[in-house]
Amino acid sequence: MSAAPPDRVLAGIHEFGTTALAYTPDGGQFISGGFRGELRVWDAATLRPFGEYHGHRRAVRAILPLASGDFVSGGGRWPPDPVA
């Protein structure tokens, strides 16, 4: 089994690795999350960043783009610490 080569490679967009990625509902932008908790919003056509956000102390694990243009993200350690 073989896969088609990627159209584009976004190597190095986060210093310690990309841990989450999601496209906006219209496909015009995507949001990437990094291991250090940073989030970046990108123009999908040009691959240029619109902005960067720092809202997590640990790796971004999930990103949910909303139709309003906002997004929700979640982060933290995996596996989580055991509950006592």
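**Exercise 1. Decide whether Ser-68 is buried or exposed in this predicted model, and find the element of the chain in which it lies.**

Solution. 
- Step 1: Start with the accessibility. Ser-68 has a relative accessible area of 56%.
- Step 2: Apply the cut-off. Exposed means over 50%, so Ser-68 is exposed at its value of 56%.
- Step 3: Ser-68 sits in the loop that joins β5 and β6.
- Step 4: Look across the fold. Thr-24 is 44 residues away from Ser-68 in sequence, and their C-alpha atoms are 9.8 Å apart in space.

**Exercise 2. Describe the hairpin around that loop: which strands form it, and which turn residue has a positive phi?**

Solution. 
- Step 1: Find the strands. β5 covers residues 60-65 and β6 covers residues 71-75.
- Step 2: Check the pairing. These two strands run antiparallel to each other and are joined by five bridges; as one example, Ala-62 has Gly-74 in β6 as its bridge partner.
- Step 3: Turn to the connection. Five residues separate β5 and β6 in this hairpin, and Gly-69 in the turn has a positive phi of about 100°.

**Exercise 3. Work out whether Pro-65 is buried or exposed, and which residues it touches beyond its sequence neighbours.**

Solution. 
- Step 1: Locate the residue. Pro-65 belongs to strand β5.
- Step 2: Compare with the cut-off. Buried means under 20% relative accessible area; Pro-65 has 16% relative accessibility, so it counts as buried.
- Step 3: List the contacts. Leaving out residues up to four places away in sequence, Pro-65 touches Ala-22, Tyr-23, Thr-24, Pro-25, Ile-31, Asp-70 and Phe-71.
- Step 4: Take one of these contacts further. Ala-22 is 43 residues from Pro-65 in sequence, yet the C-alpha to C-alpha distance is 7.0 Å.

**Exercise 4. Find the residues that line the largest pocket and sort them by class.**

Solution. 
- Step 1: Picture the search. Rolling a probe the size of a water molecule over the atoms shows where empty space is left.
- Step 2: Note the volume. The largest pocket holds about 170 Å³ of space.
- Step 3: Walk around the lining. It contains Thr-24, Pro-25, Asp-26, Gln-29, Ile-31 and Val-41, together with Pro-65, Leu-66, Ala-67, Gly-69, Asp-70 and Phe-71.
- Step 4: Sort them. Seven of the lining residues are nonpolar, three are polar and two are charged.
- Step 5: Link back to the earlier exercises. Pro-65 and Gly-69 are both among the lining residues.

**Exercise 5. Explain why β3 can be called largely enclosed, and identify the strands it pairs with.**

Solution. 
- Step 1: Count the buried residues. Six of the six residues of β3 are buried, so the strand is largely enclosed by the rest of the structure.
- Step 2: Consider the faces. In a regular strand the side chains alternate between the two faces of the sheet. In β3, one side carries Glu-38, Arg-40 and Trp-42 and the other Leu-39, Val-41 and Asp-43, all of them buried.
- Step 3: Look at β2. This strand, residues 29-34, pairs with β3 in the antiparallel sense over five bridges, and Ile-31 stands opposite Val-41. Three residues lie between the two strands of this hairpin, where Gly-37 has a positive phi near 95°.
- Step 4: Look at β4. Five bridges join β3 and β4, again in the antiparallel sense. Leu-39 is partnered by Tyr-53, and Glu-38 by His-54.

Key
Residues are numbered from 1 along each chain as its sequence is written. This is a predicted model: local features need pLDDT of at least 70, side-chain atom pairs count only at pLDDT 80 or more; totals for chains, interfaces and linings use all residues. Side-chain values use heavy atoms; hydrogens and water are left out. On a 1 Å grid over the protein atoms alone, a cavity is a set of points where a 1.4 Å probe fits but cannot get out, and a pocket is an open set with protein on both sides within 12 Å along at least five of seven lines; lining residues have an atom within 4 Å of a point. Grid points are joined across faces, edges and corners, and a volume is the space filled by probe spheres set on the points. Ala, Val, Leu, Ile, Met, Phe, Trp, Tyr, Cys and Pro count as nonpolar, Asp, Glu, Lys and Arg as charged, and the others, Gly among them, as polar. Two strands pair if DSSP finds at least two bridges between them. Helices (H or I, at least four residues) and strands (E, at least two) are DSSP runs, numbered from the N terminus. Buried means under 20% relative accessible area, exposed over 50%, partly exposed in between (1.4 Å probe, protein chains only). Contact means heavy atoms within 4.5 Å.
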